[in-house]
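Subject: Handover of a structure and notes on it

Dear colleague,

I am passing the structure below on to you, together with my notes. Please have it open while you read, as the notes go through it part by part.

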Amino acid sequence: MEPTLQDTLDQLRIEAEGKITAAASSADLSSVEVEYLGRKGRITELLRSIGKLPSEERPLFGQLANKVRADLTVLLDERTANLQSGESAQALQSESLDVTLPGRSVRLGRRHILSATIDRIKKVFIGMGFQVAEGPELEHYRYNFDALNYPEDHPAMDAQMSFYVTKDLLMRTQTTALQGRVMENQAPPMRICTVGRCFRYDAVDATHSHTFHQVDCFAIDEGISMANLKSTLAQFSREMFGEDTRVRFRPDFFPFVQPGAEWSISCFVCKGKGCSLCKQSGWIELGGAGMIHPNILKRFDIDAEKYTGFAFGMGIERTAMVQYGIDDLRLFLENDLRFLRQF
Ligand SMILES: [Zn+2]
């Protein structure tokens, strides 16, 4: 049996009431109003079809339909008033300014741990009378290798190990490259310290990087000996790592020094007893050192009979890693604030 107009009217009333109750905003309510009571609304359309009814049924149905219409209108008005007051309270709240709330603090930046380490190292050497000098990162082959007494077949000079820009220009592989530039232009006595970025063709892992920082110091004067070198490094180590730090030399080879040594400091964590930082050895290796090779002095017309000099270097990353117990070199370059904020 086909539903009667009255059944349809009941159905529409139930639907509309449900939608009005469920509406979440006054905008939802107006679309319900349009859908059922608007000019082309479903209840309005139904009223228009009243002509299909037998004439005796028309008045009753008209009354019923108008009642539904009126009831829904009342319901809509109530619900609209309700929702609107909630909405305006919400708007008021979101737009209001609570002057009693604490202010938002401005997040301050800080120096990168490498910059801070560089500053500390420079401060110590400046305190010992070293003059800070700077050289270019893009360096001539002759300063990076030739002037430093590298034998022609030294593996460090291999194109595979360095970033060559032209045959003669490369990204410096060591800050030691500055020595020749200084010796060319200054006469002894001199005490020079240089800190800067260096580059090597290295795959990046926890202990290697294509970009790293080095400090290189050298001194040339009459009567300079290994004793001056050791006392300079001992003083530096005490100021960087603590009053009771000791320095150890072990023979090593670098083309630009003779004799050459690898220098270590006594472990400042276990005081030499052995721990994970010093790999149970009690010593932490920091860099290379030695007496400047006479060939280098001669090359720059410095009287090697009269003058002697020492030179030493160390990695900045290595120094910071040892000092703060950082186990991965990549952390320095990743700009991860969770890491950087710790220092
Ligand atoms: Zn230790």
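Helices (H or I, at least four residues) and strands (E, at least two residues) are DSSP runs, numbered from the N terminus. The model is a predicted one, in which local features need pLDDT of at least 70 and side-chain atom pairs count only at pLDDT 80 or more, while totals for chains, interfaces and linings use all residues. Residues are numbered from 1 along each chain as its sequence is written, and side-chain values use heavy atoms, with hydrogens and water left out.

Domains and sheet

The protein chain is assigned domain 1 (5-95) and domain 2 (113-340), with bounds that come from an automatic or database domain assignment. Between the C-alpha centres of domain 1 and domain 2 the distance is 85 Å.

An open sheet is formed by seven strands in the order 1-4-5-9-8-7-6, with mixed pairing, where two strands pair if DSSP finds at least two bridges between them. At its edges are strand 1 and strand 6 (247-251), each of which pairs on one side only.

Strand 4 (residues 190-199) has eight of its 10 residues buried, so this strand is largely enclosed by the rest of the structure; buried means under 20% relative accessible area, exposed over 50%, and partly exposed in between (1.4 Å probe, protein chains only). Strand 1 (residues 131-132) runs parallel to strand 4 and is joined to it by two bridges, and here Val 132 stands opposite Cys 193 of strand 4. With strand 5 (residues 211-222), strand 4 pairs in the antiparallel sense over 10 bridges, and Ile 192 has Phe 218 in strand 5 as its bridge partner.

Aromatic residues

The whole structure holds 16 aromatic pairs, counted where rings of Phe, Tyr and Trp (its six-membered ring) have centres within 6.5 Å, with planes under 30 degrees apart taken as stacked, over 60 as edge-to-face and the rest as tilted. One of the pairs is that of Phe 236 and Trp 263, which is edge-to-face at 6.4 Å centre to centre with 75 degrees between the planes. Since Phe 236 lies in helix 8 (residues 226-241) and Trp 263 in strand 7 (residues 257-266), this pair ties together parts that are 27 residues apart in sequence. Phe 236 is buried, at 0% relative accessibility, and Trp 263 is buried, at 0% relative accessibility.

Trp 263 also pairs with Phe 312: the ring centres are 6.4 Å apart and the planes stand at 80 degrees, so the pair is edge-to-face. Phe 312 belongs to strand 9 (residues 307-315) and Trp 263 to strand 7, so the pair ties together parts that are 49 residues apart in sequence. Phe 312 counts as buried, at 1% relative accessibility. Phe 125, Phe 130, Phe 236, Trp 263, Phe 310 and Phe 312 form one aromatic cluster.

Elsewhere, the charged end of Lys 230 sits over the ring of Phe 249, 5.4 Å from the ring centre; a charge is taken to sit over a ring if NZ of Lys or CZ of Arg is within 6 Å of the ring centre and within 35 degrees of the ring normal.

Zinc site

Which protein donors does the zinc ion have? They are Cys 267 (SG), Cys 270 (SG), Cys 275 (SG) and Cys 278 (SG), lying 2.2 to 2.3 Å from the zinc ion. Donors are N, O and S atoms within 2.8 Å of the metal (3.2 Å for Na, K and Ca), and since water is not among the atoms, sites may look incomplete. The four donor atoms subtend angles of 104 to 116 degrees, which makes the arrangement tetrahedral, a label given to four donors if all angles lie between 85 and 135 degrees. In sequence, the donor residues follow the spacing C-x2-C-x4-C-x2-C. Cys 270 is buried at 9% relative accessible area, and Cys 275 is buried at 14%.

Backbone points

Most residues other than glycine have a negative phi, and most peptide bonds are trans. Lys 271, which is not a glycine, has a positive phi of about 55 degrees; Lys 271 lies in the loop between strand 7 and strand 8 (283-292) and is partly exposed, at 45% relative accessibility. A cis peptide bond joins Pro 188 and Pro 189, with omega of about 5 degrees, and Pro 189 is placed in the loop between helix 7 (178-185) and strand 4.

With best regards

Terms used
Four donors count as tetrahedral if all angles lie between 85 and 135 degrees; four count as square planar and six as octahedral if opposite donors are over 155 degrees apart and all others between 65 and 115; anything else is irregular.
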